[in-house]
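Open the model in your viewer and keep the selection panel at hand. The tour starts with the whole chain and then goes to single residues.

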Amino acid sequence: MSVSHSGLAIAAALSLAAGAAMAADAKMPAKAPSAKEACYGVAKAGQNDCKAGPGTSCAGSSKVDYDGKAFKLVDKGTCVTIKTPRGNGSLTPKA
């Protein structure tokens, strides 16, 4: 086999391997989007998703880190386990 035929054989083998990998990925089920819940008191200033309280509009309007009146959407079931310098996240607004 000449050098050019060897290169061609290697390229063909790599193409087959790449095709097999793509076919395997196509058989994987699509990852379902995770459910979210509003978690109060965990957003840094300007990173809240909504409800920043009086004088603010909505997403990104919180002026204070970990504002108890502002929420951030987090994966369902994780809110109360999120620890901040002001305590854990809450499913209801904090005073």
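What percentage of the 95 residues of the protein chain count as buried? The share is 22%, where buried means under 20% relative accessible area, exposed over 50% and partly exposed in between (1.4 Å probe, protein chains only). This is a predicted model: local features need pLDDT of at least 70, side-chain atom pairs count only at pLDDT 80 or more, and totals for chains, interfaces and linings use all residues. Residues are numbered from 1 along each chain as its sequence is written, and side-chain values use heavy atoms, with hydrogens and water left out.

Colour by secondary structure. The protein chain has one helix and four strands, in the order α-β-β-β-β from the N terminus. Helices (H or I, at least four residues) and strands (E, at least two) are DSSP runs, numbered from the N terminus.

Next, select Tyr-40 and Phe-71. A search of the whole structure finds one aromatic pair. Tyr-40 and Phe-71 form it edge-to-face, at 5.6 Å centre to centre and 75° between the planes. Rings of Phe, Tyr and Trp (its six-membered ring) pair if their centres lie within 6.5 Å; planes under 30 degrees apart count as stacked, over 60 as edge-to-face and the rest as tilted. Tyr-40 lies in strand β1 and Phe-71 in strand β2, so the pair ties together parts 31 residues apart in sequence. Tyr-40 is buried at 8% relative accessible area, and Phe-71 is buried at 13%.

Now move to Val-64. Val-64 sits in the loop between β1 (36-40) and β2 (71-75). Val-64 is partly exposed, at 36% relative accessibility. Not counting residues up to four places away in sequence, Val-64 touches Ala-43, Lys-44, Ala-45 and Arg-86; contact means heavy atoms within 4.5 Å.
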